[in-house]
Amino acid sequence: MKSFILFIVIFIGGISSAQTTIYDFKVTDINDESFDLASLKGKKVMIVNTASKCGLTPQYEDLQALYEKYKDENFVIIGFPANDFMKQEPGSNEEIAEFCQLNYGVTFPMMAKVVVKGENKTALFKYLTTNKETGKTEEIKWNFQKFLINEKGEIEKTISPSVKPLDESITSWIEGD
């Protein structure tokens with residue numbers, strides 16, 4: 001009987017905590033304000049883990065250009081700074097915000113620094129890196145990995161960090177081609 005009750009508790013707990021879209025998450029922005037991802041319903045979203053001291057950091061420029069080009073077409077980019085790869089994002093949230101603004105004129109939403117790999121991974125990134133069909137986790141490869149989320153809040157594509165934000169594979173996805 002005890003094992004049956006334990007099974008029921010685990011089963012029900014698993015269902016209630018399962019997230020099915022990004023809309024099930026609330027995060028904290030870089031200014032320490034709550035950001036409900038449900039506010040993005042109906043938009044295409046690119047989620048990117050970022051870093052200020054990485055060889056790929058110049059992608060901020062193309063991310064900003066992409067955002068400027070498509071922000072009025074139901075598209076948004078959300079940057080999540082992370083210090084998980086060779087400690088390439090050592091700054092505080094305030095320092096990161098200043099760096100992004102001064103060096104790249106970033107106006108797309110930036111969130112508070114998060115953990116994107118390992119056992120302390122933030123809940124949103126656990127969701128983004130877990131294969132929905134197999135349940136297996138695929139770790140993020142490096143800074144500037146991109147997750148393309150459709151208007152329903154579902155992951156459609158994961159884009160390699162080396163693929164630049166203005167690449168046709170991304171712009172055609174945004175344009176719906």
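User: How many disulfides does the count come to?

Analyst: Zero disulfides. Keep in mind that this is a predicted model.

User: What about C54, buried or exposed?

Analyst: C54 counts as buried, because its relative accessibility is 9% and the cut-off for buried is under 20%.

User: And C100, buried or exposed?

Analyst: C100 is buried as well, with a relative accessible area of 2%.

User: Changing topic to helices. At what angle do the axes of α2 and α5 cross?

Analyst: At roughly 20°. Helix α2 covers residues 59-70, helix α5 covers residues 168-175, and their axes come within 12 Å.

User: Which word describes that, parallel or perpendicular?

Analyst: The helices α2 and α5 are roughly parallel to each other, because angles under 35 degrees count that way.

User: Is the crossing of α2 and α5 right-handed or left-handed?

Analyst: The crossing of α2 and α5 is right-handed.

User: Which residues meet there?

Analyst: From α2, the residues are L66, K69 and Y70. From α5, they are I170, T171, I174 and E175.

User: What is the contact made of, by class?

Analyst: The contact of α2 with α5 has four nonpolar residues, two charged and one polar.

User: Next, K132. Where does K132 lie?

Analyst: K132 sits in the loop that runs between α4 (123-128) and β5 (146-149).

User: What is K132 in contact with, leaving aside neighbours within four places in sequence?

Analyst: Y127 and I155. I155 is 23 residues from K132 along the chain, and their C-alpha atoms are separated by 9.7 Å.

Key. Residues numbered from 1 in each chain as written. Predicted model: local features only at pLDDT ≥ 70, side-chain atom pairs only at ≥ 80, totals over all residues. Heavy atoms only, no water. Axes fitted to C-alpha atoms, helices over the stretch in contact; angles between N-to-C directions. Helix = DSSP H or I, 4+ residues; strand = E, 2+ residues; numbered from the N terminus. Parallel < 35°, antiparallel > 145°, perpendicular 65-115°, else oblique. Left-handed = near helix turned anticlockwise from the far one by under 90°. Contact = heavy atoms within 4.5 Å. Nonpolar A, V, L, I, M, F, W, Y, C, P; charged D, E, K, R; others polar. Disulfide = S-S within 2.5 Å. Buried < 20%, exposed > 50% of the residue type's maximum accessible area, 1.4 Å probe, protein only.
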